[in-house]
Amino acid sequence: MTFDDLTSRATATPDLTALFANEPDRLDRMALQVGPLRADFSKQRVSAEDLDALLSLAETRDVAGWRARLFAGEPINSSENRAVLHTALRGVGGEAVADDVAAMRARIATFAAELRQSGCFDDIVHIGIGGSDLGPRLVADAFDATAKAAPRLHFANNVDGASVNDAIAGLNPKRTLVIVVSKSFGTQETKMNAESVRAWLAAANCSPKDHVLAVSANPDRAIAFGIDPDNIFDFWDWVGGRYSVWSAVGLSLAIAYGPELFGELLDGAAQMDRHFRDAPLVRNMPVLMALIGIWNRNGHGYDSLAVIPYARRLRKLAAFLQQLEMESNGKSAGRDGTGAGVTCPVIWGDEGTNGQHAFFQWLHQGPKGAPVDFVAVLTDHENRPDHHRALLANCFAQSEALMLGKDEATVRRDNAERDDLDSLAPQKTFPGNRPSTTLTLDALTPTAIGHLIALYEHKVFVQGVIWGVNSFDQWGVELGKVLADTILSEIEGGKTGDHDPSTSALISSVR
Ligand code: F6P
């Protein structure tokens, strides 16, 4: 089975409505429940035979073997010669690091509990970017469904001064804890924001020792930056930045929402880990999700995937997944250096129902549209049951509408009174047959969020294996960083370098 075979196979796949008619057991086979998370893949345009072919592709690509190597802690991040052990942070796999992880979890829990008890701080400013920001921000929003942050949590990520200004606006430095999070402790944005906040603290005579913590896999650099060694929480190079919310990177979550909630988040992810590790491929939620993603990308030729949470408190999900998926699998070179062909689609999206009033037109009637992952929460956490019922109704209606569409004959019948039917009918026709997955969470609990994030992590892993890329490096972010340093020194008055006319003009416009 090759990727070209997928393309020719997909052209022969029946329409979604025919698939439901042909396959009476379709929903049973294509819907899975793992703990509080249900995935319904039945509205994906993939037949039972297609799925068999995809499963045999997974076998050919040795997904089970790679999965075993992941959990065993083998150095599967080959270009950096590192193991990939974010599951060990949740207590699954990586026995060799289990003691270190347990010690780290105990330190976080004790520290967070004591700090909360002390009542010394009203606010936390979490400084970090990319994987040192997106996971904590996504989870903090989601935790808000069931808990209240105390101390309150603020994030500074972008090097744009607006980011740090917004984060500290109105805060009392004497009652503020700053947590600088950077795996490398070499990231320009984070260091600059940390320096600005340190100056803000100094102006109020607050000592960094009492107010600034750091989380890093490079404690030496954190110390060189001026962080007190006792204030550093370290983690390990086998935790990828975009997989790091489970490590001390989540310290601000543990302090703001309590170590118990943070523990439940990790336990939820662990349940998904065990499912991924133990379930046969055919009933394995992350594996099926990965195979369907490959089918949509390489078979049906979709360029993007929309992720639409019908849950405001998951509104950062698409942004989080943009890094998780596109930094992991947005690659053209395979792990053996050969061309990988077509890989990761563009990930995008926004919260429902807002998206319905913006880009859903394109999803329903654009030339090709995109597959959608709908995410819904079955419990109302806002004490507004009428709103919640309407929210869910919209979510379920959209997936049905994408699938069923509205044919031209029906449009003509419904608009028989119009004398411009020939031009109007095609404009009011919905092609339908557009695929989606619906994920439902029983409630927006920390456990359920852990399941959800771990599901996508493992999906990304399986897709990387099948596409033959290393999902755990990110060389593509380096070039721009290096050039930015050069251009910054030129903007600050250094010697003008050798640039193309466009870039030179842009630099001159600032100088
Ligand atoms: O965007 C590149 C990247 O290296 C990400 O992989 C990482 O999550 C982010 O920058 C932040 O890096 P750090 O945690 O080292 O500051």
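**Pro 431 and its loop.** In this predicted model, Pro 431 sits in the loop between α20 (421-428) and β11 (436-441). Helices (H or I, at least four residues) and strands (E, at least two) are DSSP runs, numbered from the N terminus. Pro 431 touches His 364 and Gly 405, leaving out residues up to four places away in sequence. Contact means heavy atoms within 4.5 Å. Asn 231 lies 200 residues apart from Pro 431 along the chain, and their C-alpha atoms are separated by 58 Å.

Helix α5 covers residues 63-72. Its buried residues are Val 63, Gly 65, Trp 66, Arg 67, Leu 70 and Phe 71. Buried means under 20% relative accessible area, exposed over 50%, partly exposed in between (1.4 Å probe, protein chains only). The buried residues of α5 pack against α4 (48-60), α6 (86-89), α14 (259-278) and α21 (446-467). Gly 73 follows α5, with a positive phi near 80 degrees.

**Leu 455 in helix α21.** Leu 455 belongs to helix α21. Leu 455 counts as buried because its relative accessibility is 0%. Neighbours within four places in sequence aside, Leu 455 is in contact with Leu 37, Met 272, Met 285, Pro 286, Met 289 and Leu 439. The C-alpha atoms of Leu 455 and Val 164 are separated by 32 Å, and the two residues are 291 residues apart along the chain.

**The two assigned domains.** The domain assignment gives domain 1 (88-262) and domain 2 (477-510). These bounds come from an automatic or database domain assignment. The C-alpha centres of domain 1 and domain 2 lie 32 Å apart.

**The chain behind the close-ups.** The chain has 23 helices and eleven strands. Its radius of gyration is 24 Å, close to the 24 Å that the globule rule gives for 511 residues, so the chain is as compact as a globular protein of that length. That radius is taken over C-alpha atoms, and the rule is 2.2 Å times the number of residues to the power 0.38. Along its principal axes, the C-alpha trace spans about 75 × 55 × 55 Å. Of the 511 residues, 53% count as buried. Among contacts with a separation of 6 or more, 75% come from residues 24 or more positions apart.

**Conventions.** Residues are numbered from 1 along each chain as its sequence is written, and side-chain values use heavy atoms, without hydrogens and water. Local features need pLDDT of at least 70, side-chain atom pairs count only at pLDDT 80 or more, and totals for chains, interfaces and linings use all residues.
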